[in-house]
Amino acid sequence: MAPDNRSMPPLLQLDDLVVDIPGRPDGAALRLAVRPGQCWGVLGPNGAGKSTLLHTLAGLRPARRGGLRLDGHPMDDLPRRRIARHLGMVFQDQQDGFPATVLETALIGRHPYLRPWEMESAADYAAAQDALERTGLEGLEHRPVSTLSGGERQRLAIATALTQDPRVFLLDEPTNHLDLHHQVEVLDIVRHMVAHGRGAILTMHDVNLTARYCDHLLLMYPNGDACWGPTRDMLIPRALERLYGQPLAVGQVDGMPVFLPLGTEREDAEPVQSRQNDLSTRARHKDAPAP
């Protein structure tokens, strides 16, 4: 169970933050807080600025306006080492900076805690080994990273962030390249970390997985508009249809909403509301034929 976070100071606070997207007018000023035990999902179409937002939150690129606070302290006033211990970033795609093994790469997560030229301790190795086991990479410790599949590289990036053990995870499409089993496995790991007092912000494209794993949502529109709040208040079909420019059918499975895209060029497409009722009925009968 996630901790009661209402009285806790935010792990990460956005103070009227405007993301700097070149060639685009000012977008919405984001004023939100990520507290211990919260998992935020960021939804939006390609080009809406989701990755740019995460890079800004990580301090990798400047905001156009506004600021960030970590544990109540302005991020601009904090040393990089402290920021690196507080924020853990997983990028959308993984690049090989230099030849390394799987274990050596996972150990990079301990670098914010080491002094210059200090070697990793037995505890550091144990943390990396535990992270590799949690992400299903045990037995691959001595494999060169260059020999891994795309999905294995993605899981290694997650393992490196787990080894880092930050207060807030910034995950840019963490399910990228993963099969369905490993998507759920990775999101279960994030849920576990959040339940133990961490915070997380995930950019996602899968609305249904986002609905199941995130308790808060930020919707980013291509024109710079944005809205945010608890997931139960944000998963409104009309808002999601506007977000993606895509008609949706909506149902429920195990009490959770399920969104399915409808063909945009179907002349006989039924209104969303009537499709919603039909899909809800079928979802309760697993043997019913597909609509």
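Trainee: Which residue just after H9 takes a positive phi?
Mentor: Glycine 245 does, with a phi of about 60 degrees. Please keep in mind that this is a predicted model.

Trainee: And which residues of H9 itself are buried?
Mentor: Helix H9 covers residues 237–244, and Ala239, Leu240 and Leu243 are buried in it.

Trainee: Where do those buried residues fall, seen down the axis of H9?
Mentor: They fall within an arc of 95 degrees, so they line one face of the helix.

Trainee: What is leucine 43 in contact with?
Mentor: Leaving aside neighbours within four places in sequence, leucine 43 is in contact with residues including Leu240, Leu243 and Tyr244. Its other contacts include Met204, Val207, Leu217, Leu218, Leu219 and Met220, as well as Lys50 and Thr210.

Trainee: Let me turn to charges. How many salt bridges are there?
Mentor: The structure holds eleven salt bridges. In one of them, aspartate 20 pairs with arginine 64, and the closest N and O atoms are 2.8 Å apart.

Trainee: Where do aspartate 20 and arginine 64 sit in the chain?
Mentor: Aspartate 20 is in the loop between strand E1 (12–18) and strand E2 (30–34), while arginine 64 is in the loop between helix H1 (50–57) and strand E4 (65–70). They are 44 residues apart, and the pair links distant parts of the chain. Aspartate 20 is partly exposed at a relative accessible area of 25%, and arginine 64 is partly exposed at 30%.

Trainee: What about aspartate 71, which residue is its salt-bridge partner?
Mentor: Arginine 167 is the partner, with the closest N and O atoms 3.1 Å apart. This pair also links distant parts of the chain, at 96 residues apart: aspartate 71 lies in the loop between E4 and strand E5 (73–74), and arginine 167 in the loop between helix H5 (150–164) and strand E7 (168–172).

Trainee: And is aspartate 172 buried or exposed?
Mentor: Aspartate 172 is buried, with a relative accessible area of 2%. This residue is found in strand E7.

Trainee: Which side chain does aspartate 172 join by a polar contact?
Mentor: A polar contact of 2.7 Å joins its side chain to that of serine 51. Not counting residues up to four places away in sequence, aspartate 172 also touches residues including Leu54, His55, Met89, Gln154 and Thr203.

Trainee: How far apart are aspartate 172 and phenylalanine 91?
Mentor: They are 81 residues apart in sequence and 5.2 Å apart in space, C-alpha to C-alpha. Phenylalanine 91 is also among the residues that aspartate 172 touches.

Definitions and conventions
Residues numbered from 1 in each chain as written. Predicted model: local features only at pLDDT ≥ 70, side-chain atom pairs only at ≥ 80, totals over all residues. Heavy atoms only, no water. Contact = heavy atoms within 4.5 Å. Salt bridge = Lys/Arg side-chain N within 4 Å of Asp/Glu carboxyl O. Helix = DSSP H or I, 4+ residues; strand = E, 2+ residues; numbered from the N terminus. Buried < 20%, exposed > 50% of the residue type's maximum accessible area, 1.4 Å probe, protein only. Polar contact = N/O pair within 3.5 Å; in protein donor to acceptor, adjacent residues only side chain to side chain. Arc of directions from axis to C-beta.
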